[in-house]
Amino acid sequence: MRLADKRILLGVSGGIAAYKSAELVRRLKDQGAEVRVVMTRSAKEFITPLTLQAVSGHPVAYSLLDPSAEAGMGHIELAKWADLVLIAPASANLMARMAAGMADELLTTLCLATPAPIALAPAMNQQMYLNGATQANLKTLASRGILLWGPDAGSQACGDVGPGRMLDPLELVDRCCQQLAAEPLLAGVKLLLTAGPTREALDPVRYISNHSSGKMGYAIARAAREAGAEVTLVSGPVTLATPAGVTRIDVESAEQMHQAVMSRVDECDLFIGCAAVADYRPEQVASQKIKKSGDNDQMVVKLVKNPDIIAAVGALSDKPFTVGFAAETVDVEQYALDKLQRKRLDMIAANDVSREGQGFNADDNALTVFWQGGQAPLPLADKLTLARHLIALIARHYRH
Ligand code: PMT
């Protein structure tokens, strides 16, 4: 119940994503929030007030000049009642009116009258979103401290592909939790995290590596930072930007990653090993480029074992709370549980990398997290959403 006693005013404006608002209300209530809904005139063309009244348990407000509504909770009272105003979906039209400071209907008036933070979840056609007018309005709203949550990119109801999809209701609930948490989930916690692949050199131009893109680890770094952690990210070679507020240490090989982790682990409270570390490296690294030999159809490379970084962290007498990943293609649960024990981990996120569209180098992922005596599925989602759920789960166990 991460939103117990929190009062959320949900504004719904006109757009096809309004059908997701009913689900959003239910998920907010699952977390203990009290939700009141205000709709714009055009929102009522997409979803009925009756539906939102049924799921929220309160009459839905939509008229500024309705004497009976004003006799109940009037618009100024409603504006003062909210701990947070969330507008989802926020249409291009609504954002334009807000940017202009208009008070032309109940929702825009409430936005001017409320002392609460306001968050917008934009949702519209990608071309409308990218239009210079919309972008300028977004800039204006952001400069006034209005929070912009999303949009997501992907395929749209109109058939276009691009940015403009409303964030998933669960993701919006997470954002509300973070916004309203009295103290961020990982406030003051020092997190050391590995991400990306390692490269094990064969010669100056060749290496052995894997398909890790770093996306999962970087999403975790961002989610942990949002949750208040001080994050140090030890990263293998990837092409991603460093998340804001995160300290990044670049390495290439498993041995370098091991060294970078072990020299910093004493200072951390929490360690997460998300990197796909090569288990073996070539015994010899040729100082010059290896030449193709005319006679031999085969070439034998002898590999030696790399240090197991997370096992070394788990073996420390004063070890941090340690969370590993297990990337498996068969017997996922069994191998994950074995690694949990053998590497002395507190939690492990099992990643079935045999499934299409998730795991290595994909934008989405799904995990099952195990700990001593328990487990939790984290269903398929984009990696940032998943990382936020994972961080919330880790924070709950770390704190107890
Ligand atoms: O980077 P992406 O493209 O987003 O993909 C994400 C991912 C699939 C790489 C990630 O979700 C993931 O599953 N990471 C772990 C990959 C892995 O190497 O798993 P493993 O089962 O081989 O290793 C188990 C654990 O030991 C991991 O925490 C790993 O970081 C750690 N390990 C492994 C070997 C080694 N020498 N040292 C280690 O610390």
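Q: How are α5 and α8 oriented relative to each other?
A: Angles under 35 degrees count as roughly parallel, over 145 as roughly antiparallel, 65 to 115 as roughly perpendicular and the rest as oblique. The axes of helix α5 (residues 92-99) and helix α8 (residues 132-143) cross at roughly 50 degrees and come within 9 Å, and α5 and α8 are therefore oblique to each other. Axes here are lines fitted to C-alpha atoms, for helices over the stretch in contact, with angles running from 0 to 180 degrees between N-to-C directions. Helices (H or I, at least four residues) and strands (E, at least two) are DSSP runs, numbered from the N terminus.

Q: On what kind of model and numbering do these values rest?
A: This is a predicted model, in which local features need pLDDT of at least 70, side-chain atom pairs count only at pLDDT 80 or more, and totals for chains, interfaces and linings use all residues. Residues are numbered from 1 along each chain as its sequence is written, and side-chain values use heavy atoms, with hydrogens and water left out.

Q: Which hand does the crossing of α5 and α8 have, and which residues meet there?
A: A crossing is left-handed if the near helix is turned anticlockwise from the far one by less than a right angle, and right-handed if clockwise. The crossing of α5 and α8 is left-handed. With contact meaning heavy atoms within 4.5 Å, α5 contributes Ala92, Met95, Ala96, Met98 and Ala99, which meet Thr134, Asn137, Leu138, Thr140 and Leu141 of α8.

Q: How do the axes of α10 and α14 cross?
A: Helix α10 (residues 215-226) and helix α14 (residues 383-399) have axes that come within 8 Å and cross at roughly 55 degrees. That angle makes α10 oblique to α14. The crossing of α10 and α14 is right-handed. Among the residues making the contact are Met216, Ala219 and Ile220 of α10 and Leu384, Ala387 and Leu390 of α14.

Q: Is Thr109 buried or exposed, and what does Thr109 touch?
A: Buried means under 20% relative accessible area, exposed over 50%, and partly exposed in between (1.4 Å probe, protein chains only). Thr109 lies in helix α6 (residues 106-113) and counts as buried because its relative accessibility is 12%. Leaving aside residues up to four places away in sequence, Thr109 touches Leu64, His75, Ala103 and Asp104. The side chain of Thr109 also reaches the backbone oxygen of Ala103 at 3.5 Å.

Q: Where is Ala142 placed, and is Ala142 buried or partly exposed?
A: Ala142 belongs to helix α8. With a relative accessible area of 40%, Ala142 is partly exposed. The C-alpha atoms of Ala142 and Ala119 are separated by 9.8 Å, and these residues are 23 residues apart along the chain.

Q: How many disulfides does a search of the whole structure find?
A: A disulfide is a pair of cysteine sulfur atoms within 2.5 Å. The search of the whole structure finds zero disulfides. For Cys177, the nearest cysteine sulfur, that of Cys176, is 6.8 Å away. Cys177 is buried, with a relative accessible area of 3%.

Q: What does the secondary structure of the chain come to?
A: The chain has 14 helices and 19 strands. Of its 400 residues, 48% count as buried.

Methods: A polar contact is a pair of N or O atoms within 3.5 Å; within protein, one must be able to donate a hydrogen and the other to accept it, and residues adjacent in sequence count only if both atoms are side-chain atoms.
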